[in-house]
Amino acid sequence: MSAPQQSGPGPVTSTRAAPANKAEALADWTDGRLGIYALSKANLRKIFPDHWSFMLGEICLYTFIIIIVTGVWLTLFFKPSMGEVIYEGRYLPLRGVPMSEAYASTLDISFDRRGGLLIRQIHHWAAIVFVAAMFVHMMRVFFTGAFRKPREINWLFGAGLLILGMFDGFMGYSLPDDLLSGTGIRFMEGAILAVPIVGTYLMFFLFGSQFPGIDIVPRLFTVHILLIPGIMMGLLVAHLILVFYHKHTQFAGPGRTEQNVVGMPLMPVYMAKAGGFFFLVFGIIAAMSAVATVNPIWAYGPYRPDQVSTDAQPDWYMGYSEGLIRIMPGWEIGLWGHTLNLGVFVPLMIFPLVLVAIWSYPFLEAWITGDRREHHMADRPRNAPVRTAFGAAWISLYLVLLAGGGNDLLATHFHLSINAITNACRIGFFVAPVVTFVITKRWCLGLQRRDKEKVLHGRETGVINRLQHGEYIEVHAPLPQERLYTLTSHDQPQPVVLPAEVDENGVVRKAGLLARARAKFSRGFYGEGSQIAKPTAEEHQEIASGHGHH
């Protein structure tokens, strides 16, 4: 006999066969007030597409967690002060040497705190991997077109995380006040002073007095542990919320469309994989930290303004800014009794433009195509030749600048002239992106032709047959239907066509400057020579039925 149903509020009869234990009773009490079960049931079973490249974003998240955890531990022992003390710690070569409290406390963490050096190394290596993973993750999103509607805002959130991570990393390795980090701060001071009119005021505001002053380390410390991590935390939460809402893009395949998601549920599959992957990332970073020393401050000594350490190099992600300074000629302009240092000011202006060039591309592409559809299918890079070539050209520029920033190391390690390396980087700054663009675009078109050949004639089997008249041919096997679908399911936008300058009534309506520019860009992106036409079903059927697969 069924239990009577109640139409109004009242006690709900439990469906359990046995009375609830204390844990179940607590769960029922909590769910009755917060509604956690219904919310969790709907969201934890959310389906996500699966692909190995999605792990790049997970590496960013896990290394950020490692940075926060180890950073909290380090703040307990680090003293952000430039007050002078005499070192009396365990590291004998520096005992009795005057130094700042910041440097002395970093030595104390490294040599006098149990596990302190390992925690420092994990913190620094995690920061390096964090920025590297963000770069690679950004380029994965770029090359697959995962930045398109509705993910443009999330692309900007990721860009904000990257630039904040770069600057927070710079501030982090500047805190110990050793000779290497002091050289980096001196670099920053010179760049600020190169700003016309307000440069001197900005420098005194930041340093508090003449370089090096006594305020820079405490101020960098506050920004490093509070301001930037707080902003990054907010951006990260917003980024993950949008990822959860929009889900990852999925690659073309049978049953996958713009309207569905093929994959595994968040719980338990993704959660189990994510948990295991976190410990794998943490273990690898810990192993790197244990066997490879990064930033050995005891080898550099405390900072002195009259000294510059040999092989002074920033972490790799700031290396391109160093390269801009090193390859720029030392030009100056005198105006009205004032000197404009172009050798520093011009690189300072180009520094953000290098990043803005890649971050603004999605909006340029959306304007050129006029595409307002939602995209949940990821592109194969070869099917977007201009986009892929642009991304490869940007990477080549970044690598050229990175080489320029290490021109002294390249010269000493490979026994080359530092002037020759610098001049090569100057030429490469203008030539390398153009050459890389042309080569990459041709590679993409060649791969498109190869895909078309495979669709129409099948794959090569390696089996050679001799025909009756003596000709040798290789046997081609037809591709399975799911592979044919994968190779032919991508879109191929057509170039924008300008309307006639004279309409049917004889009225002259010339297109505006922006319209003509958009049409010209569109022909460059999608016109003849920028994409290979996909094979049609009729072409495939004609070859398959008329000639067979040899």
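Guide: F142 is buried, with a relative accessible area of 0%; buried means under 20%, exposed over 50% and partly exposed in between, using a 1.4 Å probe and protein chains only. F143 is buried as well, at 17%. This is a predicted model, in which local features need pLDDT of at least 70 and side-chain atom pairs count only at pLDDT 80 or more, while totals for chains, interfaces and linings use all residues. Residues are numbered from 1 along each chain as its sequence is written, and side-chain values use heavy atoms, with hydrogens and water left out.

The structure holds 31 aromatic pairs. The ring centres of F142 and F143 lie 5.7 Å apart and the planes stand at 80 degrees, so this pair is edge-to-face. Rings of Phe, Tyr and Trp (for Trp, the six-membered ring) pair if their centres lie within 6.5 Å; planes under 30 degrees apart count as stacked, over 60 as edge-to-face and the rest as tilted. Y361 and F525 make a stacked pair, with 6.3 Å from centre to centre and 20 degrees between the planes. Because Y361 belongs to helix 14 (residues 361-369) and F525 to helix 19 (residues 513-526), this pair ties together parts that are 164 residues apart in sequence. Helices (H or I, at least four residues) and strands (E, at least two) are DSSP runs, numbered from the N terminus. Both Y361 and F525 are buried.

Some of the rings form a cluster. F135, F167, W316, Y317, Y320, F351, W394 and Y398 make up one aromatic cluster. Its member F167 sits in helix 6 (residues 152-174) and is partly exposed, at 32% relative accessibility. Although F167 and Y317 are 150 residues apart along the chain, their C-alpha atoms are separated by 9.6 Å.

Several of these names return in the nonpolar core. A nonpolar core is a set of buried Ala, Val, Leu, Ile, Met, Phe, Trp, Tyr and Cys residues joined through side-chain atoms within 4.5 Å. The largest such core has 84 residues, of which F135, M138, M166, Y320 and W394 touch the most other members. Helix 5 (residues 116-143) gives the largest share of this core, 15 residues. Another core lies apart from it and has 9 residues, among them Y91, Y103, A104 and I297. Not counting residues up to four places away in sequence, W394 touches F135, M138, M139, V354, L355 and I358, where contact means heavy atoms within 4.5 Å.

H246 lies in helix 9 (residues 216-246) and is buried, with a relative accessible area of 14%. Beyond its neighbours within four places in sequence, H246 is in contact with P150, R151 and H376. N383 is found in the loop between strand 8 (377-378) and helix 15 (385-405). N383 counts as buried, at 13% relative accessibility. Leaving aside neighbours within four places in sequence, N383 is in contact with Q448 and H490.

Helix 17 (residues 418-457) has a kink of about 50 degrees centred on G428; the bend at a residue is the angle between axes fitted to the seven residues ending there and the seven starting there. G458 follows helix 17, and its phi is positive, near 90 degrees.

Strand 6 (residues 332-335) and strand 7 (residues 338-341) run antiparallel and are joined by 4 bridges; two strands pair if DSSP finds at least two bridges between them. Within this pairing, G334 stands opposite T339 in strand 7. The hairpin has 2 residues between the strands, and W336 takes a positive phi near 50 degrees there.

Now for the whole. The protein has 20 helices and 10 strands, and its C-alpha trace spans about 90 × 85 × 65 Å along the principal axes. Of its 550 residues, 40% are buried. Among contacts with a separation of 6 or more, 75% are between residues 24 or more positions apart.
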